[in-house]
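Visitor: I'd like a quick tour of this one. Could you take me through some of its helices and its core?

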Amino acid sequence: MAFVFGPFELDEARRVVLCARQEVAMQPRVFDLLVYLVRHHDRVISKDELLDAVWSEVTVTDNSLQRAVSSLRAVLRQGGMASVIRNVPGKGYRFCFDGETTRPVESGERDVDRISGATGLARRAASSQLWLQAATLFESADEGGLLTGEDLRSWALALQCLGKPTAAIPLLVRAVSTRTRAGDAVGAAIDAITLSGLHFESGQAAIGQGWLARAEDWASGLDDPATTALILWMKSKLAAFDGELEQALSLAEIAYATVQNKGAANVEALSLAYRGFYRLCLGDTRRGLADQDHAAALALSSSNLDPILGGILYCNVLWAARMFGDWARADQWTLSYQNFCSGSGMELTGSCQLHRSEVLGIRGSLHEALSRIQDSLARLSSDAPWSTGDANRVLGDIQAAIGNDDAALEAYDRAYSFGWCPEPGHAMLLLARGEAEAAHASLERSLIGKTWWTLQRRGILLAHLALVAAHTHRNDQAEALIGELSGSPDRWPMPSIRALTNEAQAILALARGDHETAMQHLHLARQLWSSVGGRVHAVRLRLQISRLQFERDDIRGAMAEVHAARLIASELGARKLEAECIALQRDIDGRANGSALVA
């Protein structure tokens, strides 16, 4: 005898539970608890009755029942049904399924309905965003060869949400063929655009261009603003990748105008987000940020936000925040993206892990950042291999913050070998190791070219160049760069850039012997990094402040700063910074003790 509820099948005789045709591991007591609850689903069962039924031969406490219920809910959560186990306060538990009535069925009956029933279950699972169940059920239903183009698209969507974009490609190719035979030009065009994007992300730009051309052919005979806007959006991405940012902006503007207020909020939001992205790259910061925030709000207010389009939109906003050094904004949107993925039942993509790891690295959660970036690198080989170089750059930054200099340099070298600029982290590590001239040359090279990733990162690169120029006594260059960055607050308003320019001003002031001005700039730089949660940089600046105070015989002030720096460095796991704190504290203590002996 077996029971069926939602995507679950409970076979009591074989002691097996299936979720979307896949066996689920379950402890014996938890299985017995489920059987008893399902058999008596028509009433509330007291705790004493459950304890007697499931643990009849042993004496246990209510805690054993609570743990078993918790484990059972975890199993049911895999099928989106954790809430069917209801706790009735003061009375006990009841199995409550709001769908079709739980019913016993024979094994033979399941076999007869396996193929025909799987399609309906798969569609329901997809509409409920239960992606694993949907993918498994669509695969089962496909044995009958009766899946529609929409079914194939839903199956491909499920695989994408599970982090398997490559597996979605052949299904979308089939969907295009199915829709073409059925005369569904709109559907075929949209699936072709999706294929174009998947091939583009996997580094197969020529194939992506081919699918985009197919989509244009179908769309040419249609009056469908959303499809037209999607094609223009994809063309803008390809233009940006080729370094044609003005063209990319123009295409994104046309896409947005095509679909604005036409009842396709998802595509409208996507076009708007990318218009903002290109504006940011071209230096129109205020309007670019406004576009991206507007796009995110527009998408989130949509009642039917497609998980993949939503993910693309979030990813674009996050990328821009990271490249611009806008860490507070990056942190907010990363958390929102994680919540979106969780709510949509999506696996975190390699790109999402990349975004989060860099934010965590800046904010000081170094070991979590290291774990996430390693996971990102494993995923990006299939998700988006073109950003593997950037992931190695971030890995280098994290290793450098921890104090693993050799591992950091190795990661930076890998980033460069993938064609990605490893700056500014690589230059800052060289500067810390006493190779200031090499750091300066490396940063100057990073500013060559007009690709979108160079232009978007220009502000943060210029700010680091100003700092290194000050350290290498290129005072005129440092002052000119500080003037450029400070004189364009609408273009580069980020606290991280202002912090770096204040640090550069402090180095210049020290060269003039103006210790008071230098101290003011260092304190302001530290406060700016603290305002965006940049704890690693805040520790580094506290050390500089402490050293300067120590040199000026402000022993009490130096002790306060180095003590705070050491506490934070220890908490962060930044071994190199902690060692610097310990060494400086030893010097300060030695002078303090010497002063006490003299007194």
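Visitor: Which residues of α8 are buried?

Guide: First, a note: this is a predicted model, where local features need pLDDT of at least 70, side-chain atom pairs count only at pLDDT 80 or more, and totals for chains, interfaces and linings use all residues. Residues are numbered from 1 along each chain as its sequence is written, and side-chain values use heavy atoms, with hydrogens and water left out. Helices here are DSSP runs of H or I with at least four residues, numbered from the N terminus, and buried means under 20% relative accessible area with a 1.4 Å probe, protein chains only. In α8, the buried ones are G187, A188, A189, D191, A192, I193, L195, S196, G197, L198, H199 and F200.

Visitor: Which helices do the buried residues of α8 pack against?

Guide: α8 is mostly covered, with 12 of its 17 residues buried. Contact means heavy atoms within 4.5 Å. By that test, the buried residues of α8 pack against α6, α7, α9 and α10.

Visitor: How many residues of α18 are buried?

Guide: α18 covers residues 388-402, and G403, with a positive phi near 115°, follows it. This helix is largely enclosed by the rest of the structure, because the buried count is 13 of the 15 residues.

Visitor: Is S546 buried or exposed?

Guide: S546 sits in helix α27, residues 535-551. Leaving aside neighbours within four places in sequence, S546 is in contact with A558, E561, V562, L584 and I588. Its relative accessibility is 0%, so S546 counts as buried.

Visitor: How are α1 and α3 oriented to each other?

Guide: Helix α1 (residues 28-39) and helix α3 (residues 62-77) pack with their axes 9 Å apart, at an angle of about 80°. Axes are lines fitted to C-alpha atoms, for helices over the stretch in contact, and angles run from 0 to 180 degrees between N-to-C directions. Angles of 65 to 115 degrees count as roughly perpendicular. α1 and α3 are therefore roughly perpendicular.

Visitor: Which residues in the largest nonpolar core touch the most other members?

Guide: A nonpolar core is a set of buried Ala, Val, Leu, Ile, Met, Phe, Trp, Tyr and Cys residues joined through side-chain atoms within 4.5 Å. The largest has 167 residues. W131, for one, touches residues including A126, L157, C161 and M346, not counting those up to four places away in sequence. Those touching the most other members are W131, W155, Y278, L313, I373 and W452.

How values were computed
Helices (H or I, at least four residues) and strands (E, at least two) are DSSP runs, numbered from the N terminus. Angles under 35 degrees count as roughly parallel, over 145 as roughly antiparallel, 65 to 115 as roughly perpendicular and the rest as oblique. Buried means under 20% relative accessible area, exposed over 50%, partly exposed in between (1.4 Å probe, protein chains only). The expected span of a helix is 1.5 Å times one less than its number of residues.
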